[in-house]
Every structure is written in C-alpha cells, then in structure tokens.
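User: I'd like to learn how to read strand pairing and helix packing in a model. Could you walk me through it?
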Amino acid sequence: MSGFFSQENNAVASWFLGPRAENSEFVLEFYKEIIDEQVKARTTDYFPTDPFFITETMQNSPEYKSNMNSLRAQLQNISDLLAKKTVPFWSPRYMAHMSMEATMPSNLGYLAALQYNQNNVAIEASPLTTWLEIFTGKKLCEMLGFTVHWDINESIETIDDEETTPPELLPKIRGWGHITCDGSVANLESIWYMYTQTRNLKFYPLSLRLAVDNGPLSFISSSFKVELANGSHKLLKECSTWELLNLKPTTVLDIPNQLFNKYGISSQFLQEVLNEKYIIQTVGKDYLEKMFHITESIVYFASETMHYSWPKGCAIVGIGSENLKGVPVDDAARMNIDKLKELLKKCVEKRQAVYAVVAIMGSTEHGACDPLGDIIELRKEFERDHGLSFVIHADAAWGGYFRSMLIKPHRSSLKCRRRPGLEEKDDSFVPLLALHPHTEKHLDRLKDCDSITVDPHKSGYVPYPAGGLCYRDQRMRYLVTWTSPVINRANEESIGIYGVEGSKPGAAAVATFLSQDAIGLHQKGYGLLLGQATFSCTKIYCHWATMSTKDDDFIVTPFNMLPAEKLGPKEVDELKQEIRTLIVEKTNDQIVKSKKAMKLIKELGSDLMINTFACNFKVDGKINEDVIEANYLNQRLYEKFSLTTSKDTNQDKPLVLTSTQFNQENYKHCLTNFKNRLGLKGDQDLYVLINVVMSPWVTEFESFLSVFRNKVEPDFHAFVMQGVEKLYLTHLPMFQMENHRQQVIVTADLPENIMHQYRNARRENPSHVYFLGNQDKMKLDDIARNGSSFKGVIYRDFDPNTGIPIEWIKDFQVTNVQVLKKRHLATKFQDANYPKDHMPFYIYGTEQELHIDHMLLKSPSIQLSADCVELILTSGELTSAQRENGVIVHFTEVREATMQSFPEIKPYPQTETAHEKSFYEHNDEISYFFFQHEREFHVELYNDPMPDPYQNGPGLDIVDKKNPIAKGMIMLPSRSKGCLYSDSYMINNDPTAEKKVKNGKITDRQKIMPIRKYYSEKFDHKEELHWYEEKAE
C-alpha cells in the first residue's frame, strides 16, 4: 500500500489477524509455537523423568477414538455456527458496541497463558502472571499520567535480575493499578473503593479525634496539627467537624507517617487503638455521625447521563440512590460545570460533605468527555474558599487509552520505546492524532485525578474480560484490604486481597501486557491505532451530517452539533456543502494534504469516537413532528442493522449498529435541543442509533420505511358490520399504519338484495362477524365522508393460513355513508394515561338495536365491538337523537388501567378447529377475558364532550362524572342475538416489522406470517448498495 498512510497502515497491519484473516499464516505459526512450548514445558522442563500417563494403547482404544471423533464433529459444528452467527467484530462493517477484533498480541498472550490456567487471586497460584498484572497496572498508570516508580531492571526481559528499591527511597505518592475480571466489576470496584475509601478517609480524622480527645492518644492533643483543605494548619483537637470531614486525601493518608515521625507511634499500635473502639469499621458510621452531630448525608456527584452501572453499583455498596446526585449536562451531553458549582455551593451552605465527583471520560452513549480540568480547578477553588474537599474519580473505561495519543515515544526509554520502522523523523500521522481541543485538554488532566477506571477490553483492544482500576496514590488501596491466610503470605503481594473478585484469569493480565508491550502506549502505538479509528469515525460523522438534504423525504441528524448550527440555517447549509466538498467527496490522502480540510475535520464529531444520531422522515414534504413515529423508524433501523437472536446470521447484516434511549428527565434541555434539530415536538424519550468506530481500516460509506408507514394513500379497508335493521360499520384500525390510524363509526346503505342476503345470514348465525370493505383501493377519508359511496365487498372471515380476507359478496355499491365518529389515533391525539376507574365505549343505534365500540384513547389498545346489546336504565333516558349521534358509556365495574397489558387476542379465524378450540380453552387469560357473551355490567352514560364527529383527542373521555345522563345495566348479546368482535393483535400489530423492540431489546416476534405476506408487496424493497459496497462486474 502506498500513499500518505502507507507507513501507518503497515504498522497497524501487523497488530491484527485482519478483517479478511490476512495474517492467518503468522497466527498459525504463533499458535504452533504456543503448543510446542506447552509440550516442552510438560515433557522436558518439568521433571522430565516422570512417566507418560496417556499411553498409545489408550489412544488406540475404541472408547478413546469414539470420544475424539465426537469432539472433532462437535468442534466443527460449533466452529461453523460461530462463523455464521457471532457478531463480526473483526469487520469494518461492525460499528455497534465498544468492541472490535482483539489485537494479535493480546490474543496470543491470552492463548499462551490459558494453557497454564493461572489464578491471579494469589501469588502462589500465579507467580509470573501476578507480577505481570502489577507491571501492567503501573504501565496503565504511567499512560494516564500518574507518577510511577520503576525499579532497576524492572522488565520482563530481566525479571530475575530486578533490584528492589528500599521503601524509604520510594516517592511518597506513586501510582498503582490492577486488572479486574470484567468491566462491570471494574465499575463496581471503583464505586466500592471510592465509597469505602472516601468514607474511611472522611471519617478517619473523626475517629482519630475521639482517640485524641479522651483516649490513648490524648498525649498528642496539644501539639498534633493537620493541614486543612485551604492550606492552613490547625490543632486536630480544635478542628470543627466540617474541617475534619474535608481534609485532603493526601493529608489523611499522611497521618500515620506524621505520627510515627513526630511521636514514634507505630502503625501497628495506631491500628490496634483505632480498631478497638474508634474506627468506622468498628463503631459504624451512624455512631460517628451522632458523636459529631452530622445530620446531612454525604453525597456523590456524577453526570445526569451517567451509565446505569453507577446507580446500580451505589445500590450494591449501600450508598443509596438518593445520595448519588446527578449533575445536569450541556447540549453536548457533558457535565455542566456551572451546575456542578451551584450544587457544591448548596453543600457548603448546608455543611454537607461530598464523597466524590465522578467525571465521565467518554460516555458509552455519545463519547462525551466531562470537563475534568474544570472540575479539578473547581475543587481547588472550593478547598481554598470554602474548606470543601472531595475525591475526583474519572470513569475513563472508554477514554483512558486515548491519552496515549498525547504521549510522544522516546528512543531511549525502555518503558515507551519505539518499534523498528516507527522511528522516522517525519511523523506523518501526528496531525491526525490531534483530538478536539476540549478532549485533549481534559484527557491530559487525568494525571490529577485520585482514581481512574480504564478498560483494556474496550479501547485497549484486549479480549474480554479485562477491566482496570488505577490510583494516583497507591496507599489508597490499603484502606480496604481483605486478606485470607490461604492467599496472603508475608512479604508477598497478592492481587486478590485488593479487588472485589476472588479468582480471575492470569491470562487477562498476560494479554494486556503483551498487547501494550508490542504496540506501545504512545503516539506511534496505541495513539496511532486510535488515531486512525478516530479519523474514520469523524469521516462517518460527516456522512451522517450531510446525508439528507432539503429535497429528501428523510432526515439524518447527528447528536453532536455542527459548529454552524449556532449561527443559522444558511450557515449550516454552507458548512454542509463545505464538508461534502472537502471531506465526503475526497480520499483520505486528499483530506490529510489539505490544511483547510484538516482544520475542519478536527472541529467535527464527538469527543471520543462515538457517533450518535437519529432519523426522521417527511410525508408529502412535511416533517414528522411525532416523537413516537420517529422512535418507530429508528427501532426498525436498529432491527435491520443488528443481531439480536440466535436465529440471526451475520451474512445478512451489511452494517451493524446499536441503539439506546435518551431519557427526557435526565437529558432535559440537551434532549429537547436534539429533538428540535430533528423537527420533533413532545416530551417523550427519544430512541437513537449509535455507531462506534474502532476499526483502524479506514472505510468510505437510506431508509424509507416510515414514509410508507405514515403516507396516506389508497388502500383496502375493512369494517365490522353491526345490526340487521340499520347497518352500522366500525372500522378496523391499526395504530402502526397511517392508512388505518383512525377510529371510525359510520352508517351506510346497501342494495336491498345484498342487505337481504346479509340479514338472512345473520339470522341463521347471529354471533358470526361479517366485514364490509371497499373493493377498489381508496383513502379512508374518502370512505368516511358524509354522502360518499363506493364499490363494496363483504368478507365472511380471514383465511388463517394466508391472512387474506375471504370474499362472500362483491360488486355492489355502498351508498349514503354518514359519519358518527371519525377520530385520528396519532400519538399527539392520545391521552397520557388509560382510564383508571372505568372502561369507556361509544354506544349508538336505533330504538330497536344498540351497539357499542370501545373508545381508543391510548396505544396500545384493544378493539371491543358488540352489536344488539341490551340496555336497561335505572335512571335517566337515552333519546333517539342521542342514539343516532352516539354517546359515551362507562363500564364502571372494569377499569382499563388495570388491564395493561391487554392479553393478545386475535380476531380470526371464527370457525374453530379442534387445535384452536384447545388453545383457547387452555389459555385462561383469553378464554376468561371480561368481554364475553351474556355478561352484564353496571354503566353510566354521558353526552359526548366533543359533539363534532371529526374532533380529535386528547380528552375525548373528559365528562362531567357528577352528572351522567343515565345509569343502568348493559348485557352483551347472547350467541343467538348478536356478535362480539375482540382484537388486541391486529390493532397494535406492525405488518412491516419482523420483531418488536423495546429499549433496544427484542421483546416479541411476529407469529402470524400471513400478515407480513399480505403487506409484503408494499413494504419489502430491494436493498440498495451501501456506500462501502461495490457492484459486481
């Protein structure tokens, strides 16, 4: 490969198996070396005179061969399934979670160590891999900017010759880190450590004060001083509770050394004294709070958009969600520093101590970096001016490795050495490594945090599981140390005594070590790798930002705003055109050589390699404003571009994305702003799509489903036929299709001969439901219009195998249509809640026949229709005019809100087979649903508050409940008098969807294929090539 990127691509190419397994020859060679070394270790290196236990006779036995053949077949089977049904992390097409193919060094390291199955819970179970974990933790600390001490000859090459530095010569504050068993445990451990450490840090001075005031340390009371948060010094016994709660972490950690240096008090004596009846672990937090009159709970602060693991972890460790306070975010989803300052001021006013402030350095949903540097400066301000101090923790699980983009390699440094081929003076890729100024500024300040979460299995490209936790001051890990006589020995350090988990694979530490050692934690190593991926991510952002134009009937809007969006529409259009000209339409080589393009590309996209975006659509040139409809579109796109079940295969997923849901309560103005940019109105949560670009293989890149779903066009419609004296028609609505998204009740006339056939059929079988439809495609608005007429068809049922209606009578004219109710069911017309103390119906008809149809006030809902009901009034009356126009009747003994979610009731077939009859008999939820023949209900009747039959909601059922026009009983018809129609399936069903999605997860799959088959011609379209695909010759 030649060109501007050739050297960089050559280097990166050596770090992976490759998207097309290009390096498989080398991987096979390395795999063979690993097994050869394992054979050598077992046969030559470790007691070579031991006998062989698996003999040639055993290997030739039928049992042995049978088992081997079975293993071979099963391995082949599972390998084949893995190839087809696993997520293709290795491909540039995968752009969903923070996952990609692991580096070749990390895979090889894991596989090599796996053969030895070391357990890093104790050094005696993992002497080498424990050393490697400690070494790797120090390397992570160094990358993050912490001070790290390296002993002489401390490297894997000279491990046996390492010279340990005496403790008195070690720097007081030095970093320490370790590998956790997985990312969730890393988060939990960080919370646990922060809570327990900061709790112990906060209360340690209080415990010491009790021992000094009236205990065995009283002899130091007149002379022992501590440094306060503002830098001044004061006698411990004279410090206020507020001052003691806000000593800096380093001050608290220095206390034992101070006591030893000044008074000769040993750490053992100090620990024994405090443990006896003063330390929080002994007396409890409640006791110390009571002794020092602490009435306000100590709190944590983190971004409102924090990952769910934070409240989850706080619940586990006992902080309580009420004490984890969310800080509002700005329009870029970063913590609003001004809002944090306001919250901290309130803490000062209430004398409420703060455990910690958590800065998210690369959020999982949008890659946002909180203003860490500003948080650090804010702590200094509050320490100086208000005596308030707190721990600062950075959740850099995603963003930590990006700090390698700021580290220059040094030729002579053993710890950051360059690799052969990467020592050229011309650093062609350095310009591309430049992060957003905001991101670079605050990533650099990681060095000033107290603790940091960093996950090698995310932006470290290491196999799962490999989380990580690092401390600026290694002494913090001693505040919570759990030991066991089995895993702890004098003068030996076992990792297991510090973490949440016990047993964990040494292979994870080896994988992390080998990957970091082979690639390097600097600009020419991981910085190069992440720099290329960042470049690709920003290019794809440019595609999302410029994909839709004013002339398109779809809209694609990235979450991260274009700089020009703060200026105006004209400037936005001009910037989009500039992006197309300078970036989208150019090759990578052309972009890099253009100063103007490079200056522009660094201003675009998210903070850290995540593009969040959402789509909307237009119908007849008008932008959809309904959030629910936009959510539907984005859910369908997620469905299309994701693997969510074992039945999916990766071969039919040309692009893999993920999704999430932005909560309005948490995102507040940030989300409102995003909705406005999409053209949406409403307070509902927003479903969004996410693409994470981790692939270093630079790639260069429409959906109209919701246009069809929401476009009003001629179609076939069906109505339940009610009554035999006068014909009433109730429309079969569908919440998910605009063509059918209306509740409609009309009357109509049929030719006398057709009406005669219909009456005879009903009298012969009164409970059978017949449907009337339009024989030629029409818009519903053209049918449900006073005085309209159309060519009709009567269906006697639906075919259970095809879903197609079964014609009975056709080629006749329906005339004199009169509208009783015609109300749209769009989200904006729905009520916020289901009725809580009743279930509402429309009731209408003649003096001889009355019919009912359930009012559809909120989605999802259920269609319940009955003709020829019997109404017995105990008070009031129902006039002829009220019957003719329809009024509202409340069933007061059943409550719609309590029925959620409605059981799935399918409306057909009406002729029960033995199988279907058995199904309904054994499904109590359906067979005993309240809407049954001959059931009686107490009812109250009200005039329709919306007399206009075309008036839409919400509020269609807001009636004066103190003044019903009548009360009484309704009896649903017996099978010999009338019919019932119940449907909660078709009315809520989406014929265009293959599966139902809720919060990014598949909750149900379509079970009746005929529905999709019936609509397939409308909604199944041949896929167009994506931007990264080539046409076959």
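User: How many bridges join strand E7 to strand E8?

Analyst: Two strands pair if DSSP finds at least two bridges between them. Here three bridges join E7 (residues 391-395) to E8 (residues 451-453), and the two run parallel. Helices (H or I, at least four residues) and strands (E, at least two) are DSSP runs, numbered from the N terminus. This is a predicted model, where local features need pLDDT of at least 70, side-chain atom pairs count only at pLDDT 80 or more, and totals for chains, interfaces and linings use all residues. Residues are numbered from 1 along each chain as its sequence is written, and side-chain values use heavy atoms, leaving out hydrogens and water.

User: What is the strand order of the open sheet?

Analyst: Its seven strands follow the order E1-E9-E8-E7-E6-E4-E5, with mixed pairing. Strands E1 (176-180) and E5 (324-327) form the edges, each pairing on one side only.

User: Which helix lies across E6 and E7?

Analyst: Helix H15 (residues 372-386) does, running at about 175° to E7. Angles run from 0 to 180 degrees between N-to-C directions, with axes fitted to C-alpha atoms, for helices over the stretch in contact.

User: And how do I describe two packed helices?

Analyst: Use the angle between their axes and the distance between the axes. The axes of H5 (residues 104-114) and H18 (residues 506-519) come within 7 Å and cross at roughly 145°. Contact means heavy atoms within 4.5 Å; the residues of H5 that meet H18 include Tyr110 and Leu114.
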